[in-house]
Amino acid sequence: MTIRGAAYVAGIYEHPRREIPDRTIFEIHTEVALGALADAGLTMADVDAVFCDSTTGMGAFSLVTHWGLRPKYFDNTETGGSSYLAHVGHAAAAIAAGKCSVALVTLAGKPRSGAGVERMSFMPGPETGFESGWGVSGAPHSYALAAQRHMHEFGTTAEQLAEIKVAASIHAQHNPNALLPYAVTIEDVVNSPMVADPLHRLDCCVVTDGGGALVIVSPEVARSLGRTNAKILGHGEAIKHTDNGRIDLTYTGAVWSGPRAFAEAGVSVKDIDYASIYDSFTITVLQTIEDLGFCEKGKGGAFVSDGALVAPHGILPFNTDGGGLCNNHPSNRGGMTKVIEAVRQLRGEAHPAVQVPDCQVALAHGTGGSLGSRHGSVTVILGQENA
């Protein structure tokens, strides 16, 4: 069974606030859910499937109870930052199988204001006891290992990594809701304080409260809504783990998830007009670009240089909302916002300064876990309604 054309993203909503001390996790889930349903022209009464991860503690279980729904289908998949891209594929598959017709997918979190249920998905693992003894106690340390190895193997430089932050910041200045709505230079990045060598503070994503939601519907429902929707063309998932210590830090799970999504979508990298790429750190973007096939392995540093990622006319316009590096990374799960901005681009609803002309095919990719240990990669390809 293929999900190509079996479902559409009909509603999107991103919470406008980046610090929300006056709301509970459930209130944020509710606000974004109602926002996405309103965007689609639907209501809670239309929802027959609910998708969420552990940001509520019990995922969809908790949301269904809070909202008083009786869905026919639910999914509590937890893969950290890639969870919400997995939910897109899972919802499309459920719709294709006739299990549901209107799937509501929601995210909410409050890591910035320090309240609510927050879990770091890359910990723990079977090797955690060994890793933590050597100082690998959080995301920056683990991603720094991957960055160091890439530099050693391929000559990647700190300045090349900084190009990714610069591109994201150029886009963020057009987003009034971005946490960091201003442009930075390569010098700003490499001169910012070192967090975990070779990653500087500005190589790292922001920490925000907030959330977002998607409404994914069957073709029949999509046709009845009278609005522009984004067709789900392809989806791929993969887990990369430590292989009992025999881990190569120079590649990610995108080497498997990407080809699966492209094959199902029936497109290639040459067809991608816009890419939302998970940007927990600058090294995450660089390795993902290589692994998805936009350039050869080891050539990512050269590829991202000289404005290649800057919209609207770069070689690969990316993260036009500012991404996790500048805009929003709610609950440490940036996959949701990656899908939202891809849909905006396909609808022609991105900010005019960064809107890709005639955007027909968009890619969204998430990384959940850590490049330096174990992680899950999910790739989703979306197209305009007539794609």
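**Entry 1, the whole chain.** I began with burial: buried residues make up 62% of the 387 residues in the protein chain. I am working from a predicted model, which I keep in mind throughout. For the surface, I noted that the protein chain exposes about 14,000 Å², with carbon and sulfur atoms supplying 54% of that area.

Next I counted elements and found 13 helices and 11 strands. The radius of gyration is 19 Å, close to the 21 Å that the globule rule gives for 387 residues, so the chain is as compact as a globular protein of that length. Along the principal axes, the C-alpha atoms fill a box of roughly 55 × 45 × 40 Å. I also looked at contacts between residues at least 6 apart in sequence: 76% of them join residues at least 24 apart.

**Entry 2, the sheet.** In what order do the strands of the open sheet run? I read β3-β2-β4-β7-β1-β8-β11-β10-β9, nine strands with mixed pairing. The edges are β3 (73-75) and β9 (274-277), each of which pairs on one side only. From one strand to the next, the twist averages 20°.

Which residues of α2 are buried? I listed Ala60, Ser62, Leu63, Val64 and Trp67. Their cover includes α1 (25-40) as well as β2, β3 and β4. One reminder to myself: an α-helix has 3.6 residues a turn, so residues three or four places apart point the same way.

I picked β11 (residues 375-384) next and checked each side of it in turn. On one side, β8 (residues 230-240) pairs with β11 in the antiparallel sense over 10 bridges. I followed two of the positions: Lys240 stands opposite His375, and Ala238 has Ser377 as its bridge partner.

With β10 (residues 361-369), β11 pairs in the antiparallel sense over nine bridges. Here I found Gly366 with Val378 as its bridge partner in β11. How many residues does the hairpin from β10 to β11 pass through? I found that five residues make the join. Is β11 mostly covered or mostly open? It is mostly covered, since nine of its 10 residues are buried.

My last stop was a single side chain. Val343 sits in helix α13 (residues 335-347). Is Val343 buried or exposed? Its relative accessibility is 0%, so Val343 counts as buried. Leaving aside residues up to four places away in sequence, I found Val343 touching Val9, Ile12, Ala230 and Leu382.

Conventions: Residues are numbered from 1 along each chain as its sequence is written. This is a predicted model: local features need pLDDT of at least 70, side-chain atom pairs count only at pLDDT 80 or more; totals for chains, interfaces and linings use all residues. Side-chain values use heavy atoms; hydrogens and water are left out. Two strands pair if DSSP finds at least two bridges between them. Helices (H or I, at least four residues) and strands (E, at least two) are DSSP runs, numbered from the N terminus. Axes are lines fitted to C-alpha atoms, for helices over the stretch in contact, and angles run from 0 to 180 degrees between N-to-C directions. The radius of gyration is taken over C-alpha atoms; the globule rule is 2.2 Å times the number of residues to the power 0.38. Buried means under 20% relative accessible area, exposed over 50%, partly exposed in between (1.4 Å probe, protein chains only). Contact means heavy atoms within 4.5 Å. Accessible areas come from the Shrake-Rupley method with a 1.4 Å probe; for residues, only the protein chains shown count as cover.
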